[in-house]
Amino acid sequence: MKIAILSRSSFIYSTNRLAEEARNRGHKVLVLDPLKCNLVMEKDAPHVHEYKNRLEKMDAIIPRIGSSITFYGSAVIRQFEMMNVFTTLNSNALLRSRDKLRSMQLLSRESIGFPRTFFTNMNTSLEAEDIIEMAGGVPLVVKVLEGTQGLGVMLLESEMAATSVIQAMHSLHARIMVQEFIAEARGSDIRAFVVDGKIVGSMKRTGKEGDFRSNLHRGGSAEAVKLTAEEKNVVLRSCVALGLKVAGVDLLRSSRGPLVMEVNSSPGLEGIEAATGVNIAGEIIKFVERQVDVKVSRKTMRNRG
């Protein structure tokens, strides 16, 4: 089978692990930088070029699209979809997951719990004090909609600090969400990794001393954790709500049950594999194999018919 991993570099841990597992299972692997892909569209014959070279037909792609290239990355995925190539990440699902506001709206529609969240037009007549009150008061968390890996996330513990930051963000025309702070989580969260409707690994992440963010990229630590039945249910329903087959779902353990913080469509493998000892990359490759086998079987049956 020919698999293309859409990634900016083959030296990234997650990309390298996926390529390693795919090759170990006898597949041909191409690491393809999405920004070096040129898309050619014509009637009944869409195709992809790497620079000037037309790519050979792929059986599957595994997108690893960074947040900074979401728009172009989704276009590249869509081109492969038009070419009838299996993808572990649907182009529309990528766009849904990267839009924090839309994600919250989709979770709300499915009655999935998450911290109370407030969003408003920057040109609203509401004062910062009104926004703080409608978000549930301080302490609260302000998130920039385009932030990732804990960047653009601020804990504001006093009304003065919250007012100043909200006013500053509005003056800069930054799109932000204001969210309640879940104190009982104590700087920890749960990352559950889902592949093809199954939770294959879960870990508890704890932020470094003095930091309420638990991201491993920010110096946090991680250990394997067992999910409750309720947490498993929330994780799987969240993936269905956003249309994701491979995802990392981040939860907070609160006094009112598990609350979803984020559903990540390109979750890293390093932390979860180290914490759990599970071969997550291998699970993703097995998922690709199952889907391509089904696709080939259906095509064979149609040809026989």
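Strands S3 and S4 are paired in the antiparallel sense over four bridges, where pairing requires that DSSP finds at least two bridges between two strands. Helices (H or I, at least four residues) and strands (E, at least two) are DSSP runs, numbered from the N terminus. The structure is a predicted model, in which local features need pLDDT of at least 70 and side-chain atom pairs count only at pLDDT 80 or more, while totals for chains, interfaces and linings use all residues. Residues are numbered from 1 along each chain as its sequence is written, and side-chain values use heavy atoms, with hydrogens and water left out.

His 49 is bridged to Arg 54 in S5. The three strands form an open sheet in the order S3-S4-S5, with antiparallel pairing. Strand S3 (37-40) and strand S5 (53-54) stand at the edges with a single partner strand each, so one side of each is left without a neighbour in the sheet. Helix H2 packs on the sheet and touches S3 and S4, its direction making about 50° with that of S3. Contact means heavy atoms within 4.5 Å; axes are lines fitted to C-alpha atoms, for helices over the stretch in contact, and angles run from 0 to 180 degrees between N-to-C directions.

Helix H2 (residues 70-82) contains Thr 70. Thr 70 is buried, with a relative accessible area of 12% (buried means under 20%, exposed over 50%, partly exposed in between; 1.4 Å probe, protein chains only). Leaving aside neighbours within four places in sequence, Thr 70 is in contact with Ile 65, Leu 94, Leu 95 and Arg 98. The side chains of Thr 70 and Arg 98 make a polar contact at 2.8 Å. A polar contact is a pair of N or O atoms within 3.5 Å; within protein, one must be able to donate a hydrogen and the other to accept it, and residues adjacent in sequence count only if both atoms are side-chain atoms.

The axes of helix H3 (residues 91-98) and helix H4 (residues 100-109) come within 5 Å and cross at roughly 100°. H3 is therefore roughly perpendicular to H4, a class that covers 65 to 115 degrees. Arg 96, Ser 97 and Arg 98 of H3 meet Lys 100, Arg 102, Ser 103 and Leu 106 of H4 in this contact.

Methods
Parallel < 35°, antiparallel > 145°, perpendicular 65-115°, else oblique.
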